[in-house]
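Q: I have a structure open and would like to talk it through. Could we go over it piece by piece?

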Amino acid sequence: MPKYVCDFEQVYSIGESLCNVSNDIHSSVTSYSSKIDSDLSSWDGVAKNAFVKTNESHIQNVEKDLKYINEFGEFIKSASKEIESLESELAGLTI
C-alpha cells in the first residue's frame, strides 16, 4: 500500500483535459482560418494584405501556444504515470 497520497487518475485526467482542449482549440482555429481565407478571397488591395498578414501572425502565435499546452498536458500525463510507478516501488521498500 502506498505511503504517500496522490490521486494519480485525477492528475492524469487533468493532463488529458489539457490535450483535449488544445486539440479542440486547434480545430476551431483551423476552421476560423479557412473561413477567413474564404471570406477574403473577394477582397483586393492594401487592406486585404494588411489583414492577412496580421491574421497569419495571430494564428501562428495561437498555434505556438497550443503546441506548448499540448506538450504540457503530455508531460503531466507522463509524470503522473512515472510518479505512480515510483511510489509503488517506494511503498514496497522496507527500511
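Q: Where is Ser13 placed?
A: Ser13 lies in helix α1. Helices here are DSSP runs of H or I with at least four residues, strands are runs of E with at least two, and both are numbered from the N terminus. The model is a predicted one, in which local features need pLDDT of at least 70 and side-chain atom pairs count only at pLDDT 80 or more, while totals for chains, interfaces and linings use all residues. Residues are numbered from 1 along each chain as its sequence is written, and side-chain values use heavy atoms, with hydrogens and water left out.

Q: Is Ser13 buried, exposed or partly exposed?
A: Ser13 is partly exposed, because its relative accessible area is 35%. Buried means under 20%, exposed means over 50%, and partly exposed is in between (1.4 Å probe, protein chains only).

Q: And how far apart are the C-alpha atoms of Ser13 and Thr30?
A: They are separated by 25 Å, and the two residues are 17 residues apart along the chain.

Q: What span should helix α1 have, at 1.5 Å a residue?
A: Helix α1 covers residues 8-40, and its 33 residues should span 48 Å. Its end C-alpha atoms are 48 Å apart, which agrees. The expected span is 1.5 Å times one less than the number of residues.

Q: What about α2?
A: The 47 residues of α2 reach 69 Å from the first C-alpha to the last, close to the 69 Å expected.

Q: Which residues of α1 are buried, and what do they pack against?
A: The buried residues of α1 include Phe8, Cys19, Val29, Ile36 and Leu40. The buried residues of α1 pack against α2 (46-92). Contact means heavy atoms within 4.5 Å.

Q: Which ones are buried in α2?
A: Among them are Ile59, Leu66, Ile76, Lys77 and Glu87. The buried residues of α2 pack against α1.

Q: Changing topic, how many helices and strands are there in the protein?
A: There are two helices and zero strands.

Q: What are the overall dimensions of the C-alpha trace?
A: Along its principal axes, the trace spans about 75 × 15 × 15 Å. The protein has a radius of gyration of 22 Å, whereas a compact globule of 95 residues would be near 12 Å. That radius is taken over C-alpha atoms, and the globule rule is 2.2 Å times the number of residues to the power 0.38.

Q: What share of the residues is buried?
A: Buried residues make up 17% of the 95 residues.
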